[in-house]
Amino acid sequence: MTRPATFFSIQALRGIAALMVVLFHLRIVEGKYGQDGNLLGAMFAYADSGVDLFFVLSGFVMTSIAAGSYGLPRNAGDFLARRGWRVLPLYWFYTTLVVALMLLMPGMANSAYQDQSILASYLLWPQAQLPLLTVGWTLIHEAFFYLLMAVAIAFARERQLPWLLLGWAAATLLAHGMLGAGIAPWAAVASSPLSLEFIAGGLIGLYWRRLPVGFALPLLLGGAVLLVAAMLHLAAAYPEHPPVLRRALLFGVPAALLVLGAVRWEHARQPRLPALLLAVGDSSYSLYLGHVFVISATGRLWQASGLNHAPWQHALFIALTVVVCVIAGWLSWRWLELPLHRWTRTRKPSARTLQAAQE
C-alpha cells in the first residue's frame, strides 16, 4: 500500500485558515474591550471563512489517506479509530478547561452556553446551540464526514467513490431545500451545505493530478483573490452572516481553488515555503482549539491596563495577541498533540498510521 504524499502547502493553508479564525474572534474582543473603534474592519467579520478552508482541506486529506483501503469493514474501523484519536483527546482537554472555568470561575466562562449538555459536547453530538467549547461546532461536521467516509471505506469500491461523493452532494442540496428551518440539530448537520466543502476537497484529493501544471498557480492566486473579494462583498451586503448555502458557495469555491492550485503547484514546482507558516500549520489544530482562551484573557488584561484607546494601542494589542496565540498553540502542539502522535506510532508502527498521525 503506497504512502500518500505529504504536502507542505496543505500545512501552510492550515496555518492561514487557523490565523483567519483567530482574527475573526480577535475582532469581536477588540470591539468589546477597545475604546477607539475596530482596526479589524468589517471584512474580518468574515475571517471565519478559514473554517470553510479547513473543511475543503479535510476532504482532500481524507480521500488521500483512505486510498487503497476501500471494501473492507476492518479498514473502516481503523479509519474511525485513527480520526477519533487525532481529534478527540485534544478537544476533550480544552472542553474540560471550559467545564473547569464554569465550575471554578463562572464569570470567565461564556454564560450563553452553560445550559448545554456536557455529555453531548464531549461526544460531538449536534445540539440546538454551540457546544461548550464553541469552536467545536466545526468538529461536529467533521465527525459526520468521517462517519460517511467510514461507510464508504467499509462497503464501496474505490472506483465508486466519485459517484458516491456526487450523490452525497445532490442529496445534501435536496435535503437542504426540502427541510428548511426548525429541524432537529442532527438533521441540520446532515443537510448542511457545508458538506459540499468536504465533498469538493474529497474530489480534489481524487483528481488533482489531472490538472495541467500551467493552471496551478493561476488557480491558487485566483482562489486567494476570490476569497478576499467574497469577504469584502459580504461585509458590504450582509450585516449578519448570510444563508449557509450562499456561504458555502462564496467561501467554498475559492477554498477549493486554493487547495487544488496549491497541491498541483507544489507537486510540480516544489516551492520553498516559509518555515514559520509551516510551524503554524503543524500546530493549527491546537491553535484553533486554544486561541479562544488566550484572546479572552488578553482582552481582559488589555481593558484593565487602560491602554485601549489610541489606534496604536489597538494595533499593539492585536499584534501581541496573535503572537501569544501562535506561541500557545505551538506549546500545546509540542506538549500535548505530539506526545499523543508518538504514542500512536509506538502502538501501530505502519506507514499508513505514521502518515495519518501527521494529518
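Predicted model: local features only at pLDDT ≥ 70, side-chain atom pairs only at ≥ 80, totals over all residues.

Biologist: How many cavities of 30 Å³ or more does a search of the whole structure find?

Modeller: Rolling a probe the size of a water molecule over the atoms shows where empty space is left. Here the search of the whole structure gives three cavities of 30 Å³ or more, and the largest cavity has a volume of about 340 Å³.

Biologist: Which residues lie nearest the centre of the largest cavity?

Modeller: Its lining is made of 19 residues, and those nearest the centre are Arg14, Phe54, Glu142, Tyr146 and Tyr285. Two or more lining residues come from each of α2 (50-65), α3, α5 and α12 (284-305), with α2 giving the largest share, seven residues. Sorted by class, the lining holds 11 nonpolar, three polar and five charged residues.

Biologist: Why is Leu97 called partly exposed, whereas Trp125 is called exposed?

Modeller: Leu97, which lies in helix α3 (residues 73-104), is called partly exposed because its relative accessible area is 32%, a value between the limits of 20% and 50%. Trp125, in the loop between α4 (118-123) and α5 (137-155), has a relative accessible area of 52% and is therefore exposed, the cut-off being over 50%.

Technical notes: Residues numbered from 1 in each chain as written. Heavy atoms only, no water. Helix = DSSP H or I, 4+ residues; strand = E, 2+ residues; numbered from the N terminus. Buried < 20%, exposed > 50% of the residue type's maximum accessible area, 1.4 Å probe, protein only. 1 Å grid on protein atoms, 1.4 Å probe; cavity = no way out; pocket = protein on both sides within 12 Å on 5 of 7 lines; lining within 4 Å. Points joined across faces, edges and corners; volume = space filled by probe spheres on them. Nonpolar A, V, L, I, M, F, W, Y, C, P; charged D, E, K, R; others polar.
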